[in-house]
Amino acid sequence: MWKYFSHSNLFRNFAVLFETKQIFLTFYIMQKKLWMGAAILFCGLTFTSCIDNADNPADQPQPFDPKGSEKFINEAWMDKNVKPGDDFYCYALGTWLKTSPEDDAGFQYNANTKQAKALCEYFMASSNPLAQHLVKNFKDTKRKKMDEVKTILDRMNIQKPKNAADVLNEIVRLRDKGFYPIIGSAVDGENNTHSFRAVVTLGQQASSAKSAIDMGATSALKKMIENILTVIDEIENPDLKITDEYVKQLMTRSENILKLEQKLFEYTVKQSESVIAVPGLSPARETVESNRIATRRAGEVSPFTLEGLKAAFNLGDKASFNDSKIFKEYLEGINAQLAGNDATALQTFYDYLRYQPICVLGTFLPVDKNASGDDYSYTEEVETPDETIHYFSSLTSSIPLLANQLTLEKMRELSTGKETCTTMLEEMRKLFDERLQKLDWLSDATRQAARTKLQKMQFFVGVPDHVYDAQFTLDEGNTLIQDMLQLYAQNHAIKEKLIGKKLEESPLLMMDISEWYGVHNAYYNPVTNSLNILPAFCGDNLLPANDEYTRYAVGMVFGHEMTHGFDSSGSNYDENGYYRNWWTDADKTTFVDKQNQLIALYNRLEAYPGQPANGTRTLTENMADYGGVELAYALFLKNMTAKGMSGEELDHACREFFLHYAKLWQAKLSLDMLKAYYNDVHSCHGNRIRGIVTLMDDWYRVFNVKDGKLFVEPEKRVKIW
Ligand SMILES: [Zn+2]
């Protein structure tokens, strides 16, 4: 198993929201009730600290203000009553945070919204027959939700399980249709064989239950689950009477589904944290431990053991099985629930196996505009003026390969800054290499290995010339849900065909099939030692030809991805992407010590009021942020000096650099969203600024920071790369 290291994971889910003013079924309630509501909360609570610090220091340096120029930071965004040394994020953006519209997601996401709109318009007007087929169905207003749900249920045809073996059997059948509840067998890159494998591991959540709970949407989510279960019951039993007894049972069933989703989430977090390898250089996959857990029930053969999964998924030597302790614990939990064929547990799994595909496909269900009073109206009326935009956005998330194929030309056209980006990357590689040559804490052996890895790192910028050309087909006369059922199954089959291919043969294949290139993101992939800057980051909105300072700020993202190759996890992989130690023991010890210092520096920040940040969980991303800003700043200084800038003029320019860096993470995150963010491997937006500037000597100098909440003594400013 492997993972991408992206510059922004969790927020990507919310990006869909801004693109279309519409989101997945499961997030829909959150959008209306929470995003807006939470944003209001935010004004009153989250950033009160921006005001509290007001003491209007007289000696505070002012930003350079070239009259009439748009390329410099908007001073109206700043809150100069905040001392930069107390809270640089609020200093740079405090007024914007207090006064901007409550749904303003800031610079990056507003830029992304523009691109997403252009791609959607391109798709809607496409002459490609498959696109036209889908667009026709997007616009079909005659579909009935009940009929479409019945179509899903008929296709899944889940049989009521009598025991754990039946449950597993149904899971395997759903896998073939492209759905992965409870246990998944998605095709993924695999470290040991360095090839595509069917990796049997945790299943996919239907809804992000934990996020919903963190965002205060528990009751809305439970209501939605109840509504979906009621639809299922009504379809299966048209004479269903909604009695008090039924409602009572329904509430219990809904809670049980919620618990199952929470468990899945909990283990997903545990697993991702174990892969992040903190602190330092623990193995990316846990070493195979004894089958202690799996065989604890002596004499009782349970399907939910590695052996049981191997037999049920019938993948032979084509598969890898997650043999981590965490996964075994998860299986043990399922076994414990299903032990003795407990009727409630069997009912819960039966409910969940029918609920999950409906929930996953919910985003493609029609919205009954006159549904008030209907028991199965588990979505609210769509706010967007055009539902087709919503369906397109859902398609890009569900079947990214198809969306990539159908929008490739437009994405290429929008990547106007592709050359600029590539040039910046190459310049940063040079600067990084110069630093590696001078670093005093590396032995020559480690230094040389690091330099080799850096030299061999591949850069993929914008969209590739071709994406994987596997064919999708759709039957005439389909409804949209029939389309999606076909596409999900085809998508699964296409992925399975990749099994056995070596990763280095096509380093972008995983991107082609699993990520929409239109998403506003960038990745480092340790297993191919390659980084990928997606088109949104080299379009004119984020890499504007006429705005040099913004280009350097966004260039930080490029340096960030490069540094992922050398963070606490990426540094475990060699120049060819193999999991191999290239560190001397002494260097490794120093490296881990530096990581621990960085963890401590982030632990002193707050994730949200009253909650200390988790420097351990966010270590890889903080390391990448630190490297990214170091590289972008070094490039900036080099180019400004080359232009002949010096003295106060250069210092002004440096202030602009740091203020633009704050702009990069401009976003109005509510307290609830900050709480949801707390589970992410990235620091929250504000801390991505607050944490990094305190490591930069020049920041202290140009902003005249000599004390304050953020102040770190010079000798304690961690220097890594
Ligand atoms: Zn990252």
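A: One definition to begin with: a crossing is left-handed if the near helix is turned anticlockwise from the far one by less than a right angle, and right-handed if clockwise. Helices (H or I, at least four residues) and strands (E, at least two) are DSSP runs, numbered from the N terminus. This is a predicted model, where local features need pLDDT of at least 70, side-chain atom pairs count only at pLDDT 80 or more, and totals for chains, interfaces and linings use all residues. Residues are numbered from 1 along each chain as its sequence is written.

Q: Which hand is the crossing of helix 21 and helix 23?
A: Helix 21 passes helix 23 in a right-handed crossing.

Q: At what angle do the axes of helix 21 and helix 23 cross?
A: Roughly 130°, with the axes of helix 21 (residues 548-564) and helix 23 (residues 619-642) coming within 7 Å. Helix 21 is therefore oblique to helix 23. Angles under 35 degrees count as roughly parallel, over 145 as roughly antiparallel, 65 to 115 as roughly perpendicular and the rest as oblique. Axes are lines fitted to C-alpha atoms, for helices over the stretch in contact, and angles run from 0 to 180 degrees between N-to-C directions.

Q: Which residues make the contact?
A: Among them are Tyr-552, Gly-555 and Met-556 of helix 21, and Gly-627, Gly-628 and Val-629 of helix 23. Residues are in contact if their C-beta atoms, placed from the backbone, lie within 7 Å.

Q: What does Tyr-661 touch?
A: Leaving out residues up to four places away in sequence, Tyr-661 touches Ala-553, Met-556, Val-629 and Ile-689.

Q: Changing topic: where is Ile-182, and is it buried or exposed?
A: Ile-182 lies in the loop between helix 8 (164-176) and strand 2 (183-190). Ile-182 is buried, with 23 other C-beta atoms within 10 Å. The cut-offs are 20 or more other C-beta atoms within 10 Å for buried, 12 or fewer for exposed, and partly exposed in between.

Q: What about its phi?
A: Phi of Ile-182 is positive, near 70°, in a residue other than glycine. Asn-529 also has a positive phi, about 45°, and is not a glycine. Asn-529 is in the loop between strand 6 (522-525) and strand 7 (530-533), and counts as buried with 22 C-beta neighbours inside 10 Å.

Q: And Asp-585, buried or exposed?
A: Exposed, because Asp-585 has 8 C-beta neighbours inside 10 Å. Asp-585 is in helix 22 (residues 585-603).

Definitions and conventions: Contact = placed C-beta atoms within 7 Å.
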